[in-house]
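Please look at the sequence and the three-dimensional structure shown below, and keep both in view while you read.

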Amino acid sequence: MSRPDPTVELEDAVKTIATLTLNPALDLNTSADRVVADVKVRCDGPVYEPGGGGLNVARVIGRLGGECSAVFASGGHIGRRLAELLADEAVHVRAVPIRETTRLSVTVSEQRTDQQFRFLMPGPRLGEDEWRRCLEELTAFDPAPGFIVASGSLPPGVPAQVYGELAARLRGTPTRLVVDTSGEALRAAAQAGVFLLKPNVGELRALVGHDLSTEPEMEDAARSLVQRGSAENLVVSLGAAGAFVMAGDLTGDYVRSPTVPIRSRVGAGDSMVAGLVLALARGSSVGDAVRYGVAAGAAAVMTPGSQLCRHDDTERLYADLRGRSAAETSR
(Lines give C-alpha, C1' and ligand atoms only; values in the text may rest on other atoms or scores of the structure.)
Protein backbone atom coordinates (compact mmCIF):
# COMPACT_ATOMS: atom_id res chain seq x y z
CA MET A 1 0.00 0.00 0.00
CA SER A 2 1.29 3.47 -0.85
CA ARG A 3 0.04 7.00 -0.67
CA PRO A 4 -0.83 9.09 -3.72
CA ASP A 5 2.30 10.85 -4.97
CA PRO A 6 2.61 14.01 -2.80
CA THR A 7 4.86 15.66 -5.39
CA VAL A 8 2.01 15.95 -7.90
CA GLU A 9 0.61 19.42 -7.36
CA LEU A 10 -2.86 20.63 -8.25
CA GLU A 11 -2.99 23.60 -10.60
CA ASP A 12 -5.90 26.00 -10.51
CA ALA A 13 -6.90 24.94 -14.03
CA VAL A 14 -7.61 21.35 -12.96
CA LYS A 15 -9.41 21.93 -9.67
CA THR A 16 -12.63 20.62 -11.10
CA ILE A 17 -14.78 17.95 -9.45
CA ALA A 18 -16.28 14.70 -10.69
CA THR A 19 -18.31 12.14 -8.77
CA LEU A 20 -18.79 8.40 -9.22
CA THR A 21 -22.07 6.67 -8.36
CA LEU A 22 -22.20 2.97 -9.19
CA ASN A 23 -25.52 2.33 -7.44
CA PRO A 24 -27.71 5.40 -8.07
CA ALA A 25 -31.44 5.50 -7.46
CA LEU A 26 -34.46 7.47 -8.47
CA ASP A 27 -35.93 8.59 -5.15
CA LEU A 28 -39.71 8.76 -4.95
CA ASN A 29 -40.78 10.91 -2.00
CA THR A 30 -44.31 11.26 -0.73
CA SER A 31 -46.26 11.70 2.51
CA ALA A 32 -49.35 10.24 4.13
CA ASP A 33 -51.37 10.96 7.24
CA ARG A 34 -50.49 7.55 8.70
CA VAL A 35 -48.62 4.47 7.53
CA VAL A 36 -50.63 1.45 8.67
CA ALA A 37 -50.18 -2.23 7.81
CA ASP A 38 -52.77 -4.14 5.78
CA VAL A 39 -54.72 -1.11 4.57
CA LYS A 40 -54.44 1.13 1.53
CA VAL A 41 -52.32 4.13 2.48
CA ARG A 42 -53.45 7.23 0.57
CA CYS A 43 -50.39 9.31 -0.30
CA ASP A 44 -49.78 12.82 -1.57
CA GLY A 45 -48.42 13.40 -5.05
CA PRO A 46 -44.90 11.97 -5.56
CA VAL A 47 -41.75 14.05 -5.89
CA TYR A 48 -38.90 12.47 -7.86
CA GLU A 49 -35.25 13.27 -7.12
CA PRO A 50 -31.87 11.80 -8.04
CA GLY A 51 -30.44 9.62 -5.28
CA GLY A 52 -27.20 7.87 -4.43
CA GLY A 53 -24.12 9.27 -2.71
CA GLY A 54 -22.18 10.67 -5.66
CA LEU A 55 -25.27 12.15 -7.33
CA ASN A 56 -26.25 13.93 -4.13
CA VAL A 57 -22.72 15.28 -3.76
CA ALA A 58 -22.84 16.63 -7.32
CA ARG A 59 -26.23 18.24 -6.73
CA VAL A 60 -25.07 19.96 -3.52
CA ILE A 61 -21.92 21.27 -5.19
CA GLY A 62 -24.17 22.93 -7.77
CA ARG A 63 -26.39 24.42 -5.07
CA LEU A 64 -23.33 25.85 -3.33
CA GLY A 65 -22.18 27.62 -6.48
CA GLY A 66 -19.73 25.07 -7.87
CA GLU A 67 -19.69 22.88 -10.96
CA CYS A 68 -19.50 19.11 -11.01
CA SER A 69 -19.62 16.23 -13.49
CA ALA A 70 -21.49 13.11 -12.38
CA VAL A 71 -20.43 9.72 -13.74
CA PHE A 72 -23.03 7.06 -12.93
CA ALA A 73 -24.35 3.71 -14.06
CA SER A 74 -27.58 4.33 -15.95
CA GLY A 75 -30.07 1.64 -16.88
CA GLY A 76 -33.41 1.79 -18.66
CA HIS A 77 -36.13 4.43 -18.31
CA ILE A 78 -35.21 5.15 -14.68
CA GLY A 79 -31.62 5.88 -15.65
CA ARG A 80 -32.79 8.23 -18.40
CA ARG A 81 -35.07 10.02 -15.92
CA LEU A 82 -32.14 10.45 -13.55
CA ALA A 83 -30.11 12.07 -16.31
CA GLU A 84 -32.95 14.50 -17.07
CA LEU A 85 -33.34 15.50 -13.42
CA LEU A 86 -29.61 16.03 -13.00
CA ALA A 87 -29.43 18.17 -16.13
CA ASP A 88 -32.27 20.29 -14.73
CA GLU A 89 -30.01 21.03 -11.74
CA ALA A 90 -27.11 22.01 -14.03
CA VAL A 91 -25.07 18.91 -13.16
CA HIS A 92 -22.83 17.79 -16.02
CA VAL A 93 -24.13 14.30 -16.82
CA ARG A 94 -21.87 11.43 -17.86
CA ALA A 95 -24.23 8.45 -17.86
CA VAL A 96 -22.70 5.04 -18.54
CA PRO A 97 -25.32 2.68 -20.06
CA ILE A 98 -25.90 -0.66 -18.31
CA ARG A 99 -28.09 -3.59 -19.26
CA GLU A 100 -30.35 -3.78 -16.18
CA THR A 101 -32.66 -1.01 -14.92
CA THR A 102 -31.55 1.54 -12.32
CA ARG A 103 -33.24 1.05 -8.94
CA LEU A 104 -36.11 2.97 -7.41
CA SER A 105 -36.23 3.99 -3.74
CA VAL A 106 -39.35 5.12 -1.87
CA THR A 107 -39.63 7.41 1.16
CA VAL A 108 -42.97 7.98 2.86
CA SER A 109 -43.20 10.69 5.53
CA GLU A 110 -45.90 10.13 8.13
CA GLN A 111 -47.55 13.48 8.82
CA ARG A 112 -48.89 12.64 12.29
CA THR A 113 -45.51 11.68 13.71
CA ASP A 114 -42.93 13.25 11.36
CA GLN A 115 -41.41 9.79 11.02
CA GLN A 116 -39.94 8.62 7.72
CA PHE A 117 -40.32 5.17 6.23
CA ARG A 118 -37.61 4.42 3.69
CA PHE A 119 -37.80 1.49 1.28
CA LEU A 120 -34.56 0.75 -0.59
CA MET A 121 -34.59 -1.60 -3.57
CA PRO A 122 -31.59 -3.72 -4.54
CA GLY A 123 -29.47 -2.24 -7.29
CA PRO A 124 -29.09 -3.77 -10.76
CA ARG A 125 -26.32 -6.28 -11.29
CA LEU A 126 -23.40 -4.72 -13.16
CA GLY A 127 -21.20 -6.81 -15.40
CA GLU A 128 -17.44 -6.34 -15.23
CA ASP A 129 -17.51 -4.58 -18.58
CA GLU A 130 -20.05 -2.08 -17.20
CA TRP A 131 -18.35 -1.07 -13.97
CA ARG A 132 -15.00 -0.89 -15.74
CA ARG A 133 -16.52 1.52 -18.28
CA CYS A 134 -17.49 3.76 -15.35
CA LEU A 135 -13.87 3.87 -14.20
CA GLU A 136 -12.69 4.50 -17.77
CA GLU A 137 -15.15 7.38 -18.07
CA LEU A 138 -13.58 8.99 -15.00
CA THR A 139 -10.05 8.63 -16.29
CA ALA A 140 -11.00 9.96 -19.75
CA PHE A 141 -11.61 13.55 -18.55
CA ASP A 142 -9.39 16.08 -20.32
CA PRO A 143 -8.14 17.90 -18.40
CA ALA A 144 -8.19 15.52 -15.45
CA PRO A 145 -10.43 16.64 -12.58
CA GLY A 146 -8.77 17.98 -9.48
CA PHE A 147 -11.00 15.80 -7.28
CA ILE A 148 -13.04 12.65 -7.75
CA VAL A 149 -15.59 11.74 -5.09
CA ALA A 150 -16.47 8.02 -5.02
CA SER A 151 -19.50 7.75 -2.80
CA GLY A 152 -22.27 5.33 -1.97
CA SER A 153 -22.98 1.62 -1.87
CA LEU A 154 -21.94 -0.92 -4.48
CA PRO A 155 -24.54 -2.81 -6.53
CA PRO A 156 -24.43 -6.57 -7.12
CA GLY A 157 -21.63 -7.65 -9.42
CA VAL A 158 -19.20 -4.90 -8.42
CA PRO A 159 -16.23 -6.10 -6.33
CA ALA A 160 -15.39 -4.39 -3.05
CA GLN A 161 -11.96 -3.53 -4.49
CA VAL A 162 -13.40 -1.20 -7.13
CA TYR A 163 -12.53 2.02 -5.29
CA GLY A 164 -9.07 0.62 -4.59
CA GLU A 165 -8.64 -0.03 -8.31
CA LEU A 166 -9.72 3.53 -9.02
CA ALA A 167 -7.12 4.77 -6.52
CA ALA A 168 -4.45 2.76 -8.32
CA ARG A 169 -5.47 4.24 -11.68
CA LEU A 170 -5.22 7.77 -10.30
CA ARG A 171 -1.86 7.35 -8.58
CA GLY A 172 0.72 9.67 -10.10
CA THR A 173 -1.95 11.91 -11.65
CA PRO A 174 -3.08 15.37 -10.44
CA THR A 175 -6.45 13.95 -9.33
CA ARG A 176 -7.21 13.50 -5.63
CA LEU A 177 -9.62 10.72 -4.67
CA VAL A 178 -12.17 11.21 -1.88
CA VAL A 179 -14.03 8.07 -0.74
CA ASP A 180 -17.22 7.96 1.31
CA THR A 181 -18.48 4.40 1.59
CA SER A 182 -18.69 1.56 4.09
CA GLY A 183 -17.92 -2.11 4.69
CA GLU A 184 -15.47 -3.98 2.51
CA ALA A 185 -15.43 -1.20 -0.10
CA LEU A 186 -14.13 1.21 2.55
CA ARG A 187 -11.55 -1.31 3.73
CA ALA A 188 -10.30 -1.85 0.17
CA ALA A 189 -9.99 1.90 -0.40
CA ALA A 190 -8.00 2.24 2.83
CA GLN A 191 -5.69 -0.58 1.77
CA ALA A 192 -5.04 1.17 -1.55
CA GLY A 193 -4.47 4.61 -0.03
CA VAL A 194 -6.47 7.69 -1.05
CA PHE A 195 -6.37 11.44 -0.56
CA LEU A 196 -9.27 11.57 1.89
CA LEU A 197 -11.51 9.05 3.64
CA LYS A 198 -14.70 10.00 5.49
CA PRO A 199 -15.78 7.18 7.82
CA ASN A 200 -18.11 7.54 10.78
CA VAL A 201 -17.01 6.24 14.18
CA GLY A 202 -18.46 2.78 13.57
CA GLU A 203 -16.69 2.50 10.22
CA LEU A 204 -13.44 3.73 11.77
CA ARG A 205 -13.80 1.05 14.45
CA ALA A 206 -14.19 -1.60 11.75
CA LEU A 207 -11.11 -0.33 9.92
CA VAL A 208 -8.82 -0.55 12.95
CA GLY A 209 -10.43 -3.69 14.38
CA HIS A 210 -11.00 -2.64 17.98
CA ASP A 211 -13.40 -0.66 20.12
CA LEU A 212 -13.20 3.14 20.29
CA SER A 213 -14.92 4.13 23.51
CA THR A 214 -13.18 7.46 24.10
CA GLU A 215 -12.19 10.44 21.99
CA PRO A 216 -8.43 9.83 22.55
CA GLU A 217 -8.88 6.26 21.26
CA MET A 218 -10.67 7.59 18.17
CA GLU A 219 -7.91 10.16 17.63
CA ASP A 220 -5.21 7.48 17.88
CA ALA A 221 -7.09 5.28 15.41
CA ALA A 222 -7.38 8.12 12.90
CA ARG A 223 -3.70 8.96 13.34
CA SER A 224 -2.67 5.35 12.77
CA LEU A 225 -4.56 5.19 9.46
CA VAL A 226 -2.90 8.36 8.20
CA GLN A 227 0.52 7.17 9.36
CA ARG A 228 0.22 3.89 7.49
CA GLY A 229 -0.95 5.57 4.30
CA SER A 230 -4.61 4.59 4.22
CA ALA A 231 -5.44 8.24 3.60
CA GLU A 232 -3.54 11.51 3.43
CA ASN A 233 -6.42 13.05 5.39
CA LEU A 234 -9.10 11.38 7.49
CA VAL A 235 -12.39 13.06 8.36
CA VAL A 236 -14.46 11.18 10.94
CA SER A 237 -18.13 12.07 10.85
CA LEU A 238 -19.54 12.50 14.37
CA GLY A 239 -23.17 13.03 13.34
CA ALA A 240 -24.79 15.88 15.25
CA ALA A 241 -21.48 16.54 17.04
CA GLY A 242 -19.71 17.54 13.81
CA ALA A 243 -16.45 15.96 12.65
CA PHE A 244 -12.90 15.14 13.67
CA VAL A 245 -10.17 15.70 11.09
CA MET A 246 -6.71 14.15 11.12
CA ALA A 247 -4.64 15.96 8.52
CA GLY A 248 -1.57 14.70 6.74
CA ASP A 249 0.75 16.45 9.20
CA LEU A 250 -0.87 14.33 11.98
CA THR A 251 -2.51 17.31 13.66
CA GLY A 252 -6.04 16.51 14.73
CA ASP A 253 -8.89 18.93 15.27
CA TYR A 254 -12.59 18.85 16.11
CA VAL A 255 -15.13 20.87 14.18
CA ARG A 256 -18.23 20.98 16.33
CA SER A 257 -21.52 21.28 14.49
CA PRO A 258 -23.67 24.34 15.20
CA THR A 259 -27.00 23.77 16.92
CA VAL A 260 -29.79 23.91 14.35
CA PRO A 261 -33.47 22.91 14.22
CA ILE A 262 -33.72 19.34 12.92
CA ARG A 263 -36.22 18.66 10.16
CA SER A 264 -34.62 15.59 8.55
CA ARG A 265 -31.20 13.94 8.67
CA VAL A 266 -31.48 12.60 5.12
CA GLY A 267 -28.66 13.92 2.92
CA ALA A 268 -26.58 15.42 5.72
CA GLY A 269 -23.56 13.20 5.06
CA ASP A 270 -23.59 13.82 1.32
CA SER A 271 -23.97 17.56 1.91
CA MET A 272 -20.98 17.49 4.24
CA VAL A 273 -18.79 15.74 1.67
CA ALA A 274 -19.91 18.13 -1.07
CA GLY A 275 -19.13 21.23 0.98
CA LEU A 276 -15.77 19.84 2.04
CA VAL A 277 -14.64 18.95 -1.49
CA LEU A 278 -15.93 22.19 -3.00
CA ALA A 279 -13.97 24.18 -0.42
CA LEU A 280 -10.83 22.15 -1.19
CA ALA A 281 -11.31 22.79 -4.90
CA ARG A 282 -11.53 26.50 -4.15
CA GLY A 283 -8.18 26.37 -2.35
CA SER A 284 -9.16 26.07 1.31
CA SER A 285 -7.00 24.21 3.80
CA VAL A 286 -8.27 20.81 4.92
CA GLY A 287 -9.32 22.21 8.31
CA ASP A 288 -11.27 25.09 6.83
CA ALA A 289 -12.80 22.81 4.19
CA VAL A 290 -14.11 20.55 6.96
CA ARG A 291 -15.73 23.58 8.58
CA TYR A 292 -17.53 24.35 5.34
CA GLY A 293 -18.52 20.70 5.06
CA VAL A 294 -19.90 20.62 8.60
CA ALA A 295 -21.84 23.79 7.85
CA ALA A 296 -23.36 22.17 4.76
CA GLY A 297 -24.25 19.04 6.72
CA ALA A 298 -25.92 21.09 9.45
CA ALA A 299 -27.79 23.10 6.81
CA ALA A 300 -29.11 19.84 5.33
CA VAL A 301 -30.81 18.75 8.56
CA MET A 302 -32.71 22.04 8.57
CA THR A 303 -34.58 21.05 5.40
CA PRO A 304 -37.57 18.68 5.36
CA GLY A 305 -37.75 15.23 3.80
CA SER A 306 -34.97 14.38 1.38
CA GLN A 307 -34.13 17.98 0.52
CA LEU A 308 -30.44 18.83 0.57
CA CYS A 309 -28.72 21.87 2.08
CA ARG A 310 -29.49 25.42 1.01
CA HIS A 311 -26.76 27.84 -0.04
CA ASP A 312 -27.72 30.71 2.29
CA ASP A 313 -28.00 28.45 5.35
CA THR A 314 -24.61 26.91 4.59
CA GLU A 315 -22.86 30.27 4.20
CA ARG A 316 -24.38 31.63 7.41
CA LEU A 317 -23.42 28.56 9.45
CA TYR A 318 -19.95 28.54 7.95
CA ALA A 319 -19.43 32.18 8.93
CA ASP A 320 -20.46 31.26 12.47
CA LEU A 321 -18.02 28.35 12.57
CA ARG A 322 -15.15 30.50 11.27
CA GLY A 323 -15.95 33.15 13.85
CA ARG A 324 -15.99 30.56 16.61
CA SER A 325 -12.65 29.15 15.43
CA ALA A 326 -11.06 32.60 15.35
CA ALA A 327 -12.32 33.31 18.87
CA GLU A 328 -10.88 30.03 20.18
CA THR A 329 -7.52 30.71 18.50
CA SER A 330 -7.25 34.17 20.07
CA ARG A 331 -7.67 32.87 23.61
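The report that follows goes through the model topic by topic.

## How the model is described

This is a predicted model, in which local features need pLDDT of at least 70 and side-chain atom pairs count only at pLDDT 80 or more, while totals for chains, interfaces and linings use all residues. Residues are numbered from 1 along each chain as its sequence is written, and side-chain values use heavy atoms, with hydrogens and water left out.

## The nonpolar cores

A nonpolar core is a set of buried Ala, Val, Leu, Ile, Met, Phe, Trp, Tyr and Cys residues joined through side-chain atoms within 4.5 Å. Buried means under 20% relative accessible area, exposed means over 50%, and partly exposed lies in between, with a 1.4 Å probe and protein chains only. The largest nonpolar core has 54 residues, and the members that touch the most other members are I17, V235, L276, V277, L280 and V290. Helix α9 (residues 286-301) gives the most to this core, with 11 residues; helices (H or I, at least four residues) and strands (E, at least two) are DSSP runs, numbered from the N terminus.

If neighbours within four places in sequence are left aside, L276 is in contact with L196, V235, A289, V290 and G293, where contact means heavy atoms within 4.5 Å. There is also a second, separate core of 46 residues, which includes W131, V179, A192 and Y254.

## Helix α5 and its cover

Which residues of helix α5 (residues 183-192) are buried? They are A185, L186, A188, A189, A190 and A192. These buried residues are covered by elements including α4 (162-170), β9 (176-180), β10 (194-197) and α6 (201-208). Just after α5, G193 takes a positive phi of about 90°.

The structure holds 3 aromatic pairs. Rings of Phe, Tyr and Trp (its six-membered ring) pair if their centres lie within 6.5 Å, and planes under 30 degrees apart count as stacked, over 60 as edge-to-face and the rest as tilted. The pair of F244 and Y254 is tilted, because the ring centres are 4.7 Å apart and the planes stand at 50°. F244 belongs to strand β12 (residues 242-246) and Y254 to strand β13 (residues 252-256), 10 residues apart, and F244 counts as buried at 2% relative accessibility.

Y292 and Y318 form an edge-to-face pair, with 5.0 Å from centre to centre and 90° between the planes. Y292 lies in helix α9 and Y318 in helix α10 (residues 311-330), so this pair ties together parts that are 26 residues apart in sequence. Y292 is buried, with a relative accessible area of 4%, and Y318 is buried as well, with a relative accessible area of 13%.

## Two buried asparagines

N23 lies in the loop between β1 (17-21) and β2 (25-32), and at 5% relative accessibility N23 counts as buried. The side chains of N23 and S153 are joined by a polar contact of 3.1 Å; a polar contact is a pair of N or O atoms within 3.5 Å, and within protein one must be able to donate a hydrogen and the other to accept it, while residues adjacent in sequence count only if both atoms are side-chain atoms.

N233 is placed in strand β11 (residues 231-237) and is buried, with a relative accessible area of 5%. Not counting residues up to four places away in sequence, N233 touches F195, L196, L197, M246, A247, G248 and V286.

## A hairpin and some backbone details

Strand β6 (residues 103-110) and strand β7 (residues 115-120) run antiparallel and are joined by 6 bridges; two strands pair if DSSP finds at least two bridges between them. S109 has Q116 in β7 as its bridge partner. The two strands β6 and β7 form a hairpin with 4 residues between them, and D114 in the turn has a positive phi of about 65°.

What joins D142 and P143? A cis peptide bond does, with omega about 5°, and P143 lies in the loop between α3 (128-139) and β8 (147-151). A90, although not a glycine, has a positive phi of about 65°; A90 is found in the loop between α2 (76-88) and β5 and is exposed, with a relative accessible area of 59%. L250 has a positive phi near 70°, is found in the loop between β12 and β13, and counts as partly exposed at 29% relative accessibility.
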